[in-house]
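Please look over the sequence and the model below.

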Amino acid sequence: MLTKQPLAVQRLGPVAAVAGLLRSHDVPLSDILAGLPVPEAGFGADTFLPIGLIAEILDRSAARLGQPVGLLLGKAQNH
C-alpha cells in the first residue's frame, strides 16, 4: 500500500528574481501568480514553496516572456 508523501518544498532563493525580470518586461507578477496559492507579498527569496508550484511559476513566466527564463535569471544575479 502506498502512503501519502509530504510535499517536497524548496526555498525560492535566486528564483525570486523572476519578479524583477518580469517587471523589466512590463509583466506584472500578479498576472503570473493569478490562481496560484502564492500571495505576491510573500514572494521572496526566503519563501518556501512546493517544487511543482515553483515550476509552474517558471513555466508561466517563460510563456509570457516568450523565452526560457533560466539564463535570464542567471544574468540577473549579478555574480
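Helices (H or I, at least four residues) and strands (E, at least two) are DSSP runs, numbered from the N terminus. Asp26 sits in the loop between helix H1 (18-24) and helix H2 (29-33). The model is predicted: local features need pLDDT of at least 70, side-chain atom pairs count only at pLDDT 80 or more, and totals for chains, interfaces and linings use all residues. Residues are numbered from 1 along each chain as its sequence is written, and side-chain values use heavy atoms, without hydrogens or water.

Asp26 has a phi near 60 degrees, a positive value in a residue other than glycine. Most residues other than glycine have a negative phi.

Buried means under 20% relative accessible area, exposed over 50%, partly exposed in between (1.4 Å probe, protein chains only).

| Residue | Relative accessibility | Class |
|---|---|---|
| Asp26 | 70% | exposed |
| Phe48 | 54% | exposed |
| Ser61 | 0% | buried |

Ser61 lies in helix H3 (residues 51-65). Leaving aside neighbours within four places in sequence, Ser61 is in contact (heavy atoms within 4.5 Å) with Val18, Leu22, Ile32 and Val69.

Now the core. A nonpolar core is a set of buried Ala, Val, Leu, Ile, Met, Phe, Trp, Tyr and Cys residues joined through side-chain atoms within 4.5 Å. The largest one has 20 residues; Leu22, Val38, Phe43, Leu49 and Ile57 have the most contacts inside it. H1, H2 and H3 each supply at least two residues of this core. Beyond four places in sequence, the contacts of Phe43 include Leu12, Leu33 and Ile57.

Phe48 belongs to strand S2 (residues 48-50).
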